[in-house]
Amino acid sequence: MARIEGILFDLGDTLIDFGPIDTIEIFEQGARSTYEYLRELGEPVPPFGQYHRGQLRAIRLAYLVSRVTRREFNSADILGRLSLGWGQQLSPAQLEHLTWLWYKPLHDRATVEPGLPDVLAGLRDRGVRLGIISNTFIPGHILDRHLDEEGLLDFFPDRIYSCDVRYRKPNGRIFRLALEQLDLTASATLFVGDTLTADILGANRAGLISVLKDPAGTRYHRRIRPRHRIARLAELPAIVDEYA
């Protein structure tokens, strides 16, 4: 077995844990925060119910289209188009802040495994290159800000977000792009994720060494099998040791 050269991570519920989410509640909280911000700016806004429904319909439609076309969308583009449609004139900085406020209810529910920065620092000090591949319609600069707040951003100089490259795991192109950027060999690279159908299937097809993060030990699929299973990211150094 080749020595491990790098580890690529999924983001949501792998590096940053969001847990069970009430999507409707999250969207309503995000809509209310952005609505109040627009009112503070003096921008024209419809009644809140119309504003919230418009946001929700637009995101749901974009999500459905992305699943049919297998091409990712960027929620900032949706929010920007809605803003223009309501006659608002936002600067790039204001639109970025609006997007952050829209994401913040999810951000506020997030947790990070205790001691994770130490685990990542130990891996990096061993010469293991670290990167991220995330399926997400949240803009990359928003996720980068969240990672920075958690003290994780500096560990990941290379981050591939599906909303930027427009294709999603398990599409092999997103894995190949990450390997090229980090100058890694698939057979000497771990991929750590929490989903079988996107993370593990994609990693297996791309020739990476798949690691399923499954704290409850309940995720199984008859045909999709990870090479390794872990409950916590703190178990990764021991897996790297197996390939030393």
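# Questions about cores and strands

Guide: In this predicted model, L130 is in contact with I7, F9, L120, L123, R124, F155, F156, P157, D158 and L182, leaving aside its neighbours within four places in sequence.

Visitor: Which residues have the most contacts inside the largest nonpolar core?

Guide: They are I7, F9, L130, F156, L190 and L236, in a core of 58 residues. Helix 4 (residues 92–107) gives the largest share of this core, six residues. Another core, of 15 residues, lies apart from it, with I133, V165, F175 and A203 among them.

Visitor: Why are strand 2 and strand 3 said to pair?

Guide: Pairing takes at least two bridges. Strand 2 (residues 129–134) and strand 3 (residues 158–161) have four bridges, so they pair, and in the parallel sense. Y161 in strand 3 is the bridge partner of S134. With helix 6 (residues 140–149), the two strands make a right-handed β-α-β unit.

Visitor: Why are some residues of helix 9 called buried?

Guide: Buried means under 20% relative accessible area. L196, A198, D199, I200, G202 and A203 of helix 9 (residues 196–206) are buried, so each is under that cut-off.

Visitor: What covers the buried residues of helix 9?

Guide: The cover includes helix 8 (172–182), strand 4 (189–193) and strand 5 (209–213). Helix 9 itself is followed by G207, which has a positive phi, near 85°.

Definitions and conventions:
Residues are numbered from 1 along each chain as its sequence is written. This is a predicted model: local features need pLDDT of at least 70, side-chain atom pairs count only at pLDDT 80 or more; totals for chains, interfaces and linings use all residues. Side-chain values use heavy atoms; hydrogens and water are left out. A nonpolar core is a set of buried Ala, Val, Leu, Ile, Met, Phe, Trp, Tyr and Cys residues joined through side-chain atoms within 4.5 Å. Buried means under 20% relative accessible area, exposed over 50%, partly exposed in between (1.4 Å probe, protein chains only). Contact means heavy atoms within 4.5 Å. A crossover is right-handed if, with the strands pointing away from the viewer, the path from the first strand over the helix to the second runs clockwise.
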